[in-house]
Amino acid sequence: MLKARKCVREMSEYHSPLCDPAMELRLDLNESTTGCSPRVLARIRSLDAKLLALYPSRESGEKLVADFLGIKPEEVLLTNGADEGIDLLCRAYLDCDDELIIITPAFAMYEIFARAAGAKTVRVPTNADLSFPIEQVLRAITPRTRLIVITNPNNPTGLDVSREDILRVIKAAPDSAVLLDEAYFDFYGKTMMEQIGRIPNLFVARTFSKAYGLAGMRLGILAGAAEQISLLRRMISPFNINAFAVECLKEALDDRQFVAGYVKQVCGTREWLREKLTAMGFQCWPSYTNFLLVNFGDLRASVLEGMTNRKIALRNRPDCAGCLRISIGTQQEMERVLAALEEIVAEKSVSQQAVR
Ligand SMILES: Cc1ncc(COP(=O)(O)O)c(C=O)c1O
């Protein structure tokens, strides 16, 4: 009988929650609820059948991105979403029984790709306040550690990691690749991209899925030392990026006003919602991203169910006690969430009084 590799047979299917078409307001995947730049859309509409008949070429896009980031084209790889960059690193650096270090709670795909590579995942829990557990991370490094992922700011906590801690990890593991996942960089503003070319084991990943509103385009960036990126190029399809992404990249990067305006709105609305939720007595962590992690305690299941009944999708985080993650949409959308929450809380307290 045909058998896949043992490590693959032992995995279970991972389904993103996005499959429910009944949801009117999707706040569970940290997507933009308003869409991409109109300049990108206009470019898509201008594409003709001939162009789509051709295989896309990644090189011109890599030059654009390198100029945009202030690094060399040899130091950058355009990927099919940041996901593909993570997968590539796992396949390139992790042999069977090698170790990947992640800090939990974490974005799910790190562990999935590492398991598919046959590697072992070493999970280092955040501190009780969800901050970066620097001493424990340093202690977790062994001669088998080949990849360490630091997500900054982190998903699902929304919290950041200090530059000093990142540098300590990089220095402590010179034989390990260190992936700094900057998927939420645009909402945060701090980066280590300028260290590309200076630190040989550092990789930085970015995505167009969040602040650029292009999750459906599947476009990401992986930056690293030229020698390492050259190794990754050996493993990747020359046509991993679709023609829409290649053709729209320039408009996406050039429309700075669009991204800046969107980021400003999201950060403002996020702080407004955080204040409201805190005033209602729910614990909310500070966030440097386009989402909030909220502790609803015993009310978590009721809030999740009540929101789903109102066609609002939030993300359950069973890995954070009592917590749901809420992506930030427009002010109006967040007002809808708040009104729904107030109703759910009121219904719950009426039903509790009835029991008493
Ligand atoms: C931390 C983090 N990294 C990577 C990704 C994947 O991004 P992409 O859509 O570019 O594959 C996400 C998506 O939610 C994320 O939260």
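Phe 291 stands opposite Ser 327 in strand E13. This is a predicted model, in which local features need pLDDT of at least 70 and side-chain atom pairs count only at pLDDT 80 or more, while totals for chains, interfaces and linings use all residues. Residues are numbered from 1 along each chain as its sequence is written.

Strands E10 and E13 pair in the antiparallel sense over five bridges, where two strands pair if DSSP finds at least two bridges between them, and strands (E, at least two residues) and helices (H or I, at least four) are DSSP runs numbered from the N terminus. They belong to an open sheet of four strands with the order E9-E10-E13-E12 and antiparallel pairing, in which E9 and E12 are the edge strands, each pairing on one side only.

| Strand | Residues |
|---|---|
| E9 | 283-284 |
| E10 | 291-295 |
| E13 | 323-327 |
| E12 | 315-317 |

The ligand is surrounded by 13 residues, the closest being Gly 81, Ala 82, Asp 83, Thr 207 and Ser 209; a residue counts as near if its C-beta atom, placed from the backbone, lies within 6 Å. Helix H5 (residues 81-93) gives the most to this shell, with three residues.

Leaving aside neighbours within four places in sequence, Leu 147 is in contact with residues including Leu 89, Tyr 93 and Leu 179, contact meaning that C-beta atoms, placed from the backbone, lie within 7 Å.

Methods. Two residues are in contact if their C-beta atoms, placed from the backbone, lie within 7 Å.
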